[in-house]
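Hi,

Here is the structure I promised to pass on. Have a look at it first, then read my notes below.

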Amino acid sequence: MMRKKHMFVISGILAIFLLGLFIFLFKWLHPDAIFPEAKNGSLDAKAWNFAKRGIIPLKGEWEFYEDKLLSPADFANGAQEADKQMLKVPGDWQGTVERAGRDGFGVGTYRLVVDVSKPDIYGLRLKKVRMSSRVFINGVDLGGSGTPSLEESVFYASNFPFYGIAKSESDKVEIIIQVASLKYLAGGIAQTPEFGPGQMLLDRRDNSRLADMVQISVMLLFTLYYVGMIKHWRTERHLMYFSLFCLGTGFFFSIDNEILLSSLFPGLSFPVLQKLIFVSVFLSFICFGLYIYAYLGLQEDRFFRWLKRVTYVFVTVACFTPNDYLRLTVPLYLLLQITTFFIIIAALFRSWRKGTTDAVYLMLGLFFLIVSWATAQFRYEIGLDNPYYMIVAPLLLVFSQAFLMSNRIQQAFIKNDRLSRQLIEYDRQKDEFMAKTSHELRTPLHGIMNLSQSLLDERGSEMGAKQREDIRLLNLVSRRLAGLVHDILDMSLIKRGQLRIRTTPVDVRMTTRFVIETLSITPISSQTVLIDDLPADLPLVWADENRLKQILYNLLENGLKFTEKGTVRISAERRGEELAISVIDTGIGIPEEARHTIFLPFEQYREEGARSAGGIGLGLSITKQLIELQGGILDMESEVGQGTRFTFTLPIARQDTELAEQRFIPEPMEKISLLPIQRSDDSSAPFSILIIDDEPSNVVILIHAVTSLGYGYTAVQRGSEALGLLQNGLKPDLALVDLMMPGVSGLDVCKEIRSSHSLSELPVLMLTASGQRGDVMASFAAGANDILQKPFELEELKARMQSLLAMKRSSEQAVRKEIDFLQAQITPHFLYNSMNALIGLSYKDVDKLRETIHHLTTYLRAKFTFSFQGQLVSFQQELELVKAYLAIEQLRFGSRLNVIYDVEDDLTCMLPPLTLQPLVENAVRHGIGPKEAGGTVWISVSNVSGDIHFKVEDDGVGMDQETLTRLEHEDGTGIGVGNVKRRLQMIYYRKLEVSSVFGQGTQVKFTIPEEFHDQSRLDR
């Protein structure tokens, strides 16, 4: 409905404008006044009332003297009568004048005698006299445009408008115009000269100049207006393009019609002027097209891209092409302009069909542009002066687009939508803030609760060193909780101006030592160290001791968060009456654009891969304000990739000498490295648990829970460390993963685990302080088996661990029983063929019969033995089974089956039963069997750097790509390749490699370790 309303309004506007345009054009082409016309070089204007009826266009037959530049003296005695001819004005010289074989080029003199009613001051106004002119009225040389000459070296082309006046002493006015065009364009008077009283012509010229000035001023005004929005150009590029369009159009108006630019640059030559017209028109058109596409947010289609390229090439060529040849490009010039209109119209219609109402207003602007362009082209063709009312079209063009911009303001829903999005974002930030705060508050509470429970569980033992360490850790966790709560309270007090600072002389070294002790529970890589470089003779500072601890804690922790590998150093120096304390890290650094925001509340610098996921963005803001409240300042220097240096000053306590001598100076702390990877020493534990949590207190709690069940563990604080251990061969039975970790998150770890382990092969129990539904859903989507919210009861954690491990054991036992069953399967067809072969041998070769029965017995023993559960077999046993099977098949196939063994001597290893034999059987049955001529099976086994490499290859029929793809995705429902692949993945985490070429054969390879000690993977 809205679109129809817009279309109705715009259609009405266009209809009214078109009606008015046609009326004005008709009057322009068919004026009410009937002007006298020149005949045989004379024009009778005696009956013409200039005061009432205006000026006279000097249209008609003029005397013309070809190849001569005549002055008034040459006509005094009538000597030129023999060379006189009549020539129509306006008109060019093509087909009339010729010079050096060039049609339309040459020189000539026009002469017209005008009969007037009375003597007066009369004037002449000329436009488009090509390409140079000199004017005489009643013998007076009035000058002209350019320099007409018979010699090309003297000739100077110019096409500036001309206005001149002279006094007539009689009722006859003789007008002589010398014209020369030796290059660039064909000569002639292309636009009708105007004759009348001098003041009337002057007013007409001034009105025309005023019209040009109005158009230029409006265009430049809009150019400056949109240039003033240059800050918005990057996001709203249509403003830039429309500004360039207005600039180009305004410049074109300054070099068209009255050529007002010549008033500023009188020496502007015609070649330069001609090139400027070409360039300005094309750039204006292409900028308007870019404006349309940018405003509507349309992707530039291939037609528009090609149009841009062709336009740029054309403009470049026009700039460097000699002006003599530019007229040859006029057809292409017009074609490109028309093509631009069609492409823009097509883009507007596409946008309108998609429901964009602005496309209608843009179409209105395009319509005014087309009207202006068509009028200009028509004016050039018929040689008429531009009617004043036609300046309305370009003005309506820019004003319509200005109204379009304001129309956006009327569309209030855009602003409401933006505000709604902002409110949604603020609400999301609030929720995120609450979740982070909850995480930071509940994690320390969880530590206090579970560490206390751990102490209660050990009532029977005396308090030893381990218990004291637990109590110390409990104390530090509680301090961190108190510090976080204080941060929130401090920010509130600072905002209200109620924070009290109690300054006393403070020992910076002792305060720093305490802070570093507290930071022992901060998440940190084992490759990051704290270095205390404070001099031993530091003076006391005048500060609030608790607030100084808070400042140092925030700055040191900030350095640790952003330093993946390297050092965080604290140093100090005296600067007059102040002590400058610096915290320098070798971390990722802070870019210039982020430095003005890091001191704002709830603002954090985030970079992918940075270790700064914790916290809520209050630390640095509070730190800066606390320093300023104590009379100091905080400065920051940073270089991306090199690190950051925070330096703050505090006033030195004046009466500090005696106190400095009495205070205790501890031993220097050179380097402090925190919490490396922890592992249990019990290799007999039934299960191994991988613990991943960035909180050291949480790691301790989880270790307590795991060890109380008698399980082994490997504990790390970073997801990247856990993934590295898994890639290097760590095979845990269960993973306990914290969801919110810096750098590689728990979700990332879980996804990586699921890329190589199924849900039953390596269960994942996700731990999170956030109970939000989104986190729960994301955890399960990443592949977690279960999720447990912090804080949790230890008994609940243990129960969930035991449940997941029981599920894992049950799954593996079910798989093992399935494998045992599959091991016992015998192909009936194979048994039937073997019996037939035995019957045949009983009549022919008794010795061969005994040998075959031995091979069959070996084969059946392997198939019927169910004691393979929980054990490996030697390679020699598996090879014996392979040879027995092949001996029976060779008896059946005869010479069609050849077998080649390439087995390394003295090779020993253990492997699951029925691993190699099914691959050999697959090669014989499906590779060699269908091949009429038979073939060869190669069996290769070798030891390479502690890995046993097995390869079974045949030159049978091979497999096509579809069969090979299906085999790669087989789940192992039989004793063949799929089952072997499944067991290799479950026991060794190794893959079976199958390659085949149809008609040429198949190759199957796998590797196992020479020594395999993880018997638990077979037992469960």
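Of the 1020 residues in the chain, 50% are buried. Keep in mind that this is a predicted model. The chain holds 28 helices and 37 strands. If you take the contacts between residues at least 6 apart in sequence, 75% of them join residues at least 24 apart.

Let me start with a sheet. Four strands form an open sheet in the order β2-β16-β9-β13, and the pairing is antiparallel. The edges are taken by β2 (56-57) and β13 (162-167); each has a single partner strand, so one side of each has no neighbour in the sheet. Further in, β9 (residues 121-126) pairs with β16 (residues 194-197) over four bridges, in the antiparallel sense.

Next, two single residues. S145 belongs to strand β12 (residues 140-145). Is S145 buried or exposed? With a relative accessible area of 5%, S145 is buried. Its side chain makes a polar contact with the side chain of S158, at 2.9 Å. Beyond its neighbours within four places in sequence, S145 is in contact with S132, S133, S158, N159 and F160.

L69 lies in the loop between β3 (60-66) and β4 (85-89). L69 has a relative accessible area of 22% and counts as partly exposed, because the cut-off for buried is under 20%. Setting aside residues up to four places away in sequence, L69 touches D74, V107, G108, T109, P148, S149, L150, Q178 and V179. The C-alpha atoms of L69 and I176 are 9.9 Å apart, although 107 residues separate the two along the chain.

Now the helices, where α6 packs against both α4 and α7. Helix α4 (residues 237-254) and helix α6 (residues 270-296) have axes 8 Å apart, at an angle of about 155°. Angles over 145 degrees count as roughly antiparallel, and α4 and α6 are therefore roughly antiparallel to each other. The crossing of α4 past α6 is left-handed. On the α4 side the residues involved include Y241, F242, F245 and F252, and on the α6 side they include I277, V281, F288 and Y291.

The other pair is α6 with helix α7 (residues 302-320): the axes come within 10 Å and cross at roughly 165°. α6 and α7 are therefore also roughly antiparallel to each other, and α6 passes α7 in a left-handed crossing. Among the residues that meet here are F278, F282, I286 and Y293 from α6, with F304, L307, F314 and V315 among those from α7. L290 of α6 is listed in the contacts with α4 and also in those with α7.

Last, have a look at β29 (residues 764-768). Five of its five residues are buried, so the strand is largely enclosed by the rest of the structure. Both faces are covered, with V764, M766 and T768 buried on one side and L765 and L767 on the other. Which strands pair with β29? Strand β28 (residues 734-738) is joined to β29 by four bridges and runs parallel to it. Strand β30 (residues 786-789) is likewise joined to β29 by four bridges, again in parallel.

Cheers

Note on methods:
Residues are numbered from 1 along each chain as its sequence is written. This is a predicted model: local features need pLDDT of at least 70, side-chain atom pairs count only at pLDDT 80 or more; totals for chains, interfaces and linings use all residues. Side-chain values use heavy atoms; hydrogens and water are left out. Two strands pair if DSSP finds at least two bridges between them. Helices (H or I, at least four residues) and strands (E, at least two) are DSSP runs, numbered from the N terminus. Buried means under 20% relative accessible area, exposed over 50%, partly exposed in between (1.4 Å probe, protein chains only). A polar contact is a pair of N or O atoms within 3.5 Å; within protein, one must be able to donate a hydrogen and the other to accept it, and residues adjacent in sequence count only if both atoms are side-chain atoms. Contact means heavy atoms within 4.5 Å. Axes are lines fitted to C-alpha atoms, for helices over the stretch in contact, and angles run from 0 to 180 degrees between N-to-C directions. Angles under 35 degrees count as roughly parallel, over 145 as roughly antiparallel, 65 to 115 as roughly perpendicular and the rest as oblique. A crossing is left-handed if the near helix is turned anticlockwise from the far one by less than a right angle, and right-handed if clockwise.
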